[in-house]
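Here is a short briefing on one protein structure. Keep the sequence and the 3D view open as you read.

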Amino acid sequence: MKAMIFAAGLGTRLKPLTDTMPKALVSVGGRTLLEHVVTRLKAAGVREIVINVHHFADMIEDYVRQNDSFGIKVSFSDEREGLLETGGGVLKARKYLEGAPFVVHNVDILSDLDLAGLMKETDGRTLAVLAVSDRPTSRYLLFDEDMMLAGWMNVKTGEVKSPFGKIDPARYRAYAFSGIHCMAEVVFDAMDSLGFNGRFPVMDFYLKAAACYPVRGFLCKDLHLMDVGKLDTLDSAASFCMKYDIGH
């Protein structure tokens with residue numbers, strides 16, 4: 001299995017740390033965020049990783065090389081000329097990912113998610129499997145009784161998006177997205193056929209694709225997850241890793 005790690009972001013919520021380093025190299029409990037994610041992916045059976053780079057790209061590339069690529073094959077998808085967001089980032093890395101299903105993982109997400117179990121959920125009939133959980137958030141994905149993606153909603157603004165027109169969110173199951181998902185090898189053909197190119201969020205693609213491709217939610221019960229996106233989360237993130245044995 002292959003994997004892609006999103007590490008190109010500016011990390012603005014982690015300033016001033018990210019004024020001098022990329023978010024991926026911020027340390028949590030003595031290990032960088034990137035090392036935590038790579039360690040988890042390796043343990044799940046991933047043997048090839050592509051990392052997209054933009055902000056302090058050279059530092060990430062040097063760090064990986066200095067660590068002997070963590071004992072696996074690592075490639076870099078270069079976004080130095082401009083950030084492509086999550087969907088465009090995947091499409092840019094096409095040459096490294098085509099030919100087989102692959103995991104996509106945000107570099108600032110720490111969790112005890114069963115990654116191997118998630119990967120087993122991917123099959124040739126499903127475009128993507130999204131790891132979700134029942135936890136409070138401001139934005140939810142909406143699924144039908146078969147856990148097929150039907151829409152998205154922002155509970156603060158009341159905005160609802162769906163490829164099926166106007167829908168009643170109350171009739172669907174609402175779950176929080178984890179920032180971890182598996183894509184099937186046909187995903188690039190789907191992006192082509194739906195006219196996606198350049199810069200775009202992956203969720204925009206999923207919400208359009210769900211009208212003609214199966215996009216399924218994988219409900220992770222008892223999931224422990226932390227988004228390490230702000231300075232005030234770093235101390236608690238170290239304790240979180242120790243408590244749930246993440247990245248060791």
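Arginine 13 is partly exposed, because its relative accessible area of 44% lies between the 20% and 50% limits. Its side chain forms a salt bridge with aspartate 227, at 3.7 Å from N to O. This is a predicted model. The points below start with charged pairs, then move to rings, helices, a strand and cysteines.

**Salt bridges**

- The count of salt bridges comes to 14.
- The bridge between aspartate 227 and arginine 13 links distant parts of the chain, 214 residues apart.
- Aspartate 227 lies in strand β14, residues 225–227. Arginine 13 lies in the loop between β1 (2–6) and β2 (27–28).
- Aspartate 227 is also partly exposed, with a relative accessible area of 37%.
- Arginine 94 and aspartate 189 make another salt bridge, with N to O at 3.9 Å. This pair also links distant parts of the chain: the two residues are 95 apart.
- Arginine 94 belongs to helix α4 (residues 94–97), and aspartate 189 to helix α6 (residues 187–193).
- Is aspartate 189 buried or exposed, or partly exposed? At a relative accessible area of 48%, aspartate 189 is partly exposed.
- Glutamate 35 and arginine 31 meet in a salt bridge too, at 3.8 Å from N to O. Arginine 31 has 24% relative accessibility, so it counts as partly exposed.
- Some charged residues form a network: salt bridges link Asp58, Glu61, Asp78 and Arg80.

**Aromatic rings**

- How many aromatic pairs does a search of the whole structure find? The search finds seven.
- Ring pairs join Phe196, Phe200, Phe205 and Tyr206 into a cluster.
- A ring can also meet a charge. The charged end of lysine 161 sits over the ring of tryptophan 152, 4.9 Å from the ring centre.

- Helix α7 covers residues 202–209 and is mostly covered, with six of its eight residues buried.
- The buried residues of α7 are Val202, Met203, Phe205, Tyr206, Leu207 and Ala209.
- Helix α1 spans residues 33–43. Its buried residues include Leu33, Leu34, His36, Val37, Val38 and Leu41.
- Glycine 45 follows α1. Its phi is positive, near 105°.

**Histidine 105**

- Histidine 105 lies in strand β6, which runs over residues 102–106.
- Why does histidine 105 count as buried? Its relative accessibility is 3%, and buried means under 20%.
- Which residues does histidine 105 contact, leaving aside neighbours within four places in sequence? They are Met4, Ile5, Phe6, Val37, Leu41, Leu115, Gly179 and Ile180.
- Two of these contacts, Val37 and Leu41, are buried residues of helix α1.

**Cysteines**

- How many disulfides does a search of the whole structure find? The search finds zero.
- Take cysteine 220. The closest cysteine sulfur to its own is in cysteine 182, 11 Å away. A disulfide needs the two sulfur atoms within 2.5 Å, so this pair is too far apart for a bond.
- Cysteine 220 counts as buried, because its relative accessibility is 8%.
- Cysteine 212, in contrast, counts as partly exposed, at 49% relative accessibility.

Note on methods
Residues are numbered from 1 along each chain as its sequence is written. This is a predicted model: local features need pLDDT of at least 70, side-chain atom pairs count only at pLDDT 80 or more; totals for chains, interfaces and linings use all residues. Side-chain values use heavy atoms; hydrogens and water are left out. Buried means under 20% relative accessible area, exposed over 50%, partly exposed in between (1.4 Å probe, protein chains only). Helices (H or I, at least four residues) and strands (E, at least two) are DSSP runs, numbered from the N terminus. A salt bridge is a side-chain nitrogen of Lys or Arg within 4 Å of a carboxyl oxygen of Asp or Glu. Rings of Phe, Tyr and Trp (its six-membered ring) pair if their centres lie within 6.5 Å; planes under 30 degrees apart count as stacked, over 60 as edge-to-face and the rest as tilted. A charge sits over a ring if NZ of Lys or CZ of Arg is within 6 Å of the ring centre and within 35 degrees of the ring normal. Contact means heavy atoms within 4.5 Å.
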